[in-house]
Structures are given as structure tokens and as C-alpha cells.
Amino acid sequence: MRKARSKKKLSMGLNKRGRESLYYPSSITFDRQRQHIIVADDSHNCIEFFERKSLEQVTPYGSTGQLMNRFSSLRGLCFQPFTRHLLLGDSGNNCVRALARSGDSDNDVYEVCHSFGQGCGDPFSPNGVCCTSDGSIAVTDNRSHQIKRFDAAGRFVGAISGPGDDSECLEHPGDICCLDQRFAPSSSASSLLLVCDSNHCRVSAWSARDNQFVFCALGLSLPFRTTNGVCVDLNGFVYITSGTGSTSMMQVYDVRGGESNFVLCQSFRGRGGDTLGEFNEPSGLCVDDTNVLMITDTLNHRVQFFE
């Protein structure tokens with residue numbers, strides 16, 4: 001069972017630029033090679049880097065604007081497994097940015113090497129980004145209510161779903177992650193894309209191989225107002241954040257060996273509070289290489305750790 005890790009959080013303070021280090025953190029990922037926690041700071045439109053062991057901040061990257069090294073409304077972070085590019089959903093600039101390290105030293109920073117998504121139909125507003133085991137990229141598009149698929153080089157392949165109220169439709173899809181086939185339900189023939197279908201208050205599962213709809217998990221009967229974030233830990237458990245204020249929640253599900261749906265294992269009700277283990281609009285999630293769970297507690301301007 002997960003529990004809040006005492007005295008371990010990234011909270012708002014002054015960074016090396018003399019401003020608050022975290023303000024409305026939206027997305028998070030972990031760089032296993034460099035042992036860095038990477039957080040998308042939605043207010044400052046930059047990416048914040050923290051040492052995993054010490055939690056000390058490394059120099060942030062980016063600022064507000066439309067140039068290659070400037071961002072607007074950051075949504076979604078992940079690593080492309082083969083190129084090791086850091087992929088960033090730049091929603092306000094209608095593209096996904098691919099960032100590469102400037103060198104091999106641990107002190108070298110990431111720099112934007114290319115952008116993609118502008119040619120996959122208008123409008124394009126990335127809201128979540130993930131990669132499958134073959135390196136292909138899946139991006140949720142908040143405006144077209146679709147999942148956009150790209151190959152490993154960022155070339156547009158096709159789109160999945162669209163707006164509506166049927167089980168196979170999406171309304172303002174948010175975060176997205178990949179559930180490896182070894183953890184997927186026994187009925188699944190491939191890895192699954194798990195998508196936060198925010199306005200329908202549920203998570204949808206799609207085949208990562210052939211883009212076919214598989215099932216909807218977490219129906220409207222559960223106490224969600226919106227589904228905010230989703231991730232899978234190293235043991236195949238699925239974590240979902242939802243709500244804001246008094247409805248804030250993080251839940252843990254087990255899908256291994258099931259036929260089509262998730263089994264609820266544990267719930268954390270945030271209640272809109274700011275004490276350890278409480279949330280106010282929990283959003284992005286990821287785990288480090290020791291399976292410690294990290295959650296962006298957006299309106300409390302911090303990251304919380306669960307072990």
C-alpha cells in the first residue's frame with residue numbers, strides 16, 4: 001500500500017532566477033539516466049529540473065513565447081526510448097517539442113532540436129504525450145478530442161476517436177500513458193494506451209498496436225469531477241488523479257490478469273488541503289527507478305512523493 005513520504009516534497013521557493021521554483025506544476029517525468037525529476041511549470045512556461053537524491057534544483061529551461069526555446073501552456077512530458085529526446089506538449093504553440101541533451105555531461109542541459117504536430121490537422125492542442133515500446137508517439141489533442149499518432153521521428157500517422165458521448169468517443173482528453181502488454185488484461189493482444197477522458201470522467205483504453213478501442217474503465221458512478229492524470233508503476237499498478245479542491249483524489253488500480261476493467265486497491269482523498277498526503281488538483285504522475293510515486297499537486301505548487 002502507498003503512503004505519503006514524510007518531509008519529502010518539492011514545494012514553492014526561490015530558484016536560481018530569483019522567482020518561485022514551482023508555480024502551477026502540470027506534468028512530471030523522471031530521467032533515469034541522469035537521476036533528474038523533470039517538472040513542467042505551467043505558470044512560468046519552463047521546465048524545472050531537480051536532483052533526485054537531494055531534491056535540489058538544477059537550472060530551469062525555457063520561457064514564454066513562440067520561438068524554439070520558448071513555450072506556452074505546457075502539457076505532457078515523456079522520454080522517447082530510442083533517441084532519449086524529452087518530448088514536451090507545447091499546447092499554446094500547437095506542437096510537441098523534442099528536446100535533446102547538449103552533451104554527455106550531467107551538467108549539460110536540454111535544448112529544442114525539432115518540433116512536430118503542425119501538419120496533423122487544425123487545431124492541434126497537445127494535452128498529454130507518451131511513447132510505446134517501439135518508439136512511436138501518442139498525443140492527446142484537447143481541441144479535436146482525438147489521440148494523434150506519430151512515428152518515432154514525429155511524422156503524423158493518423159488520428160483515433162473524436163467528440164461525442166459514446167464509449168469510443170473522447171471529450172477533452174488529457175493525460176495519456178502506455179500499459180505494457182505483460183500488465184494488460186488477459187483479453188488484450190497488445191500494449192494499451194490509457195487516456196484520461198476528462199469531460200466523461202473516465203479512463204479509456206486503446207490498443208497501441210492497431211488503435212482499436214478496447215474498453216472504458218472508471219465510469220461516471222465513481223466520484224470524479226475530471227480525470228487529470230494517469231501513469232503505470234514498475235509493477236503494473238495504474239494510478240489516476242482526479243478532481244480539484246474538495247474533490248481532489250488519487251486512486252490505485254490493479255488491471256493485471258483481469259478481463260476488461262480495473263480493480264480498485266487504494267484511494268487518497270485530497271480534500272483540497274495542503275498538509276502531507278492531501279491534494280488540491282493533483283495532475284501529472286510518474287515513478288522513479290525505485291518505484292517511488294511522484295505527483296504534481298498543482299494548486300499547492302508542489303510535488304508529493306508516495307512510497
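Strands are DSSP runs of E with at least two residues, and helices are runs of H or I with at least four residues, both numbered from the N terminus. The structure is a predicted model, in which local features need pLDDT of at least 70 and side-chain atom pairs count only at pLDDT 80 or more, while totals for chains, interfaces and linings use all residues. Residues are numbered from 1 along each chain as its sequence is written, and side-chain values use heavy atoms, with hydrogens and water left out.

The loop between strand S25 (293-297) and strand S26 (302-306) contains His 301. His 301 has a relative accessible area of 11% and is therefore buried (under 20%; exposed is over 50%, partly exposed in between; 1.4 Å probe, protein chains only). A polar atom of the His 301 side chain lies 3.1 Å from the backbone nitrogen of Tyr 24.

An open sheet with antiparallel pairing is formed by four strands in the order S20-S21-S22-S23; two strands pair if DSSP finds at least two bridges between them. Strands S20 (227-232) and S23 (263-269) are at the edges and have a single partner strand each, so one side of each is left without a neighbour in the sheet. Six bridges connect S22 (residues 249-254) and S23 in the antiparallel sense, and Met 250 stands opposite Phe 268 in S23.

The mean pLDDT (the predictor's confidence in each residue, from 0 to 100) of the protein is 83, and 83% of its residues reach 70 or more. Among the elements, the lowest mean pLDDT, 50, belongs to strand S1 (residues 4-11), and the highest, 95, to strand S24 (residues 282-287). Where pLDDT is low, the predicted coordinates should not be read in detail.

Notes: Polar contact = N/O pair within 3.5 Å; in protein donor to acceptor, adjacent residues only side chain to side chain.
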